[in-house]
Amino acid sequence: MDRNLGILVAALLLVASTCESAIFNPVSESHRSAASELFSSADGSFGSLEETYEALKTFEVLGIEKKPDIRTSACVSVVKILSSTSSALKDLFDALRVNGVLKCELNDRAFPGIGSKLKDSLNGANSLFDFYYSIGGLMLIKDQTSEVDVHISDADRIFRSIKALSQSDGRWRLNSNNPESSNDAAGIALEALAGVISLASSEIDSSLIATLKNDISKLFDGVEKYDDGTCYFDEKLVDARGHKGPLSASASVVRGITAFAAVSSENLNLPGEKVLGLAKFFLGIGIPGSAKDLYYQIDALSCLESIRGSVPLILSLPATVLSVTKKDQLKVKVSTVLGSASPPLSVKLMQIFVSGSKDASVIDQKLKFDPENSVHVLETLPTNVDVGNYIFSFEIIFDEPEHKNKYATGGRTRVPIHVTGVIKIDSAEIAILENDLGSVETQKKLDLPGESAVALSANHLQKLRLSFRLTTPSGQVFKPHQVAFLKLKHESGVEHIFVVANSGKKFEIILDFLGLVDKFFYLSGTYDLQLTVGDSVMENSFLQPLGHIELDLPEAPEKAARPPPQPVDMYSRYGPKAEISHIFRVPEKRPPRELSLAFFGLVILPFFGFLAGLFHLRANLKNFPKSIHATFAILFHLGIAAVLSLYALFWFKLDLFTTLKTLGLLGIFLMFVGHKTLSHLASTSAKLKTT
């Protein structure tokens, strides 16, 4: 609803009230993208037939071919409502509107019954909405079938009944019991009266038409208007249909006036400037944020596109920023509010105003038309146009005089233009001056913009002077709206910023350190110098370090102000910490490899001596277990060999923890097979002793 546009409309009107020029562009691809996004249907249908029609109407006006497939569900609702004898007038009206777009398959016998019901409702109508829905429904039936007679025999009576709800200021009441009038109701009434004229079986009394034309003039007298030409119909009434703001009220009035102009045999002589102002209002909103607001905008613009006798033409610029350095051409496009081509015409640049000044240069130069791109081109800017902000005043001239009565141009159109360029910086120098005599002690040239790294030194009795000159591409002294800044940053982080003032032909700043010791908090040391020069029309704005200066300031008095605490760098506090480098213990010094192998040989030498001793003594192996017990004995000896091998691996490769875990498993194994083997040997020895 319009409430969603409250902030946007308020901002638009605030800007319009303070500016005499603004840029308005016709409907673009952005509106089509917004329509596809706002009018989206997940389940193949919308909430109501009213919302369905608004989506279909918006898609139709914008020429969107890829749209949700809602025909099946919508036509089911249309057939159901039009076939029911108890449907309300609003439901019938919405169903007929949707059917006019989708062309649902209806029984031809349904239209006569609907037509009769709508005619009967006119006889008992007592509110503006009753008239509106009944007459609107009959108009829709007239467009959809020729089998039903929808003409009204007592059109004068109905016309007078609706006219009785009008007010002296051109606004209308919703019913006779409601004293409040509104612009939104005026639009509804005009659309209903246009339907009465179209459906009348005989000609309406001309005096009634003349009175209605007078009401339209009064309605335009109450329109809100601002300096840039924006016009709108305000609305503060809250009724059963909800809050009505400027967008819905203006759209309703435009829809009603367009409908009345289409059926009127006479020209309404609508004020062209105000019709164009309404178009600027709808275009100035931009892209609304709700489907309802977008429908109001697009529906109103489609009405303005076809309003008889006052079709507004929009003068727009593809680019409002021109570079004199690049020799950009000024291009102007004239089209309707929906972007359609304009009739044959010419565009003249009449005047050029400097922003903030009432002085104007009279140009009166015709722009060259480019038929390939449909734009009017000013190939070269006037010689008196330099970098800066201007307001260009254009005028549209029709090639055929009769088009003046068909289109509204609003007279001259003012458009803000920003002319940019590369600014020349020369005569840049920095110097240290003696405080008393003003003589130069140290002076150095600067390359701006470029690379400069000066190293200066000064005490509190000296001064620092920085100066340079800015020149436009045409050789004039450049006076930017933004200014130049010189920043001194102490090594402790304390910063001081000074404005480099314009002294006429050049920019210059002199820092007297004697008067700045308090501001500098008596901090001696190194100060980094940084210069910033920029402006919105300066293409080569820059921020450049100049070097540093060593300041020798006196000691701070006891009661002198202390430097403010510097802000903590959040990145250094919460950012990633520095990587920690671990230092491990240096390995102990080991003996030579040859010595270790020799020691190993000496360790295992007794084992071989043991084996040799067994062989020499002719060891008795006759008691070695046999059968199944031999298996346990072999496993027992293999387990002992595995333990010895584990010791060897520990010496060469394994660590202590791995060795202990493996030794534990082998110990369990050895305990089991050793117990079996030794038990067998003990029982065998006991048997031998008993025998």
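Reader: How many disulfides does a search of the whole structure find?
Author: A disulfide is a pair of cysteine sulfur atoms within 2.5 Å. The model is predicted: local features need pLDDT of at least 70, side-chain atom pairs count only at pLDDT 80 or more, and totals for chains, interfaces and linings use all residues. Residues are numbered from 1 along each chain as its sequence is written, and side-chain values use heavy atoms, without hydrogens and water. Searching the whole structure gives a disulfide count of one.

Reader: Which cysteines form the disulfide?
Author: The two sulfur atoms lie 2.1 Å apart. That falls under the disulfide rule, so the pair is C75 and C104.

Reader: Is C75 buried or exposed?
Author: Buried means under 20% relative accessible area, exposed over 50%, partly exposed in between (1.4 Å probe, protein chains only). C75 has 12% relative accessibility, so C75 is buried.

Reader: Which strands stand at the edges of the open sheet of nine strands?
Author: Strands are DSSP runs (E, at least two residues), numbered from the N terminus. Two strands pair if DSSP finds at least two bridges between them. The order is β18-β17-β20-β23-β22-β21-β24-β25-β19, with mixed pairing.

Technical notes. Helix = DSSP H or I, 4+ residues; strand = E, 2+ residues; numbered from the N terminus.
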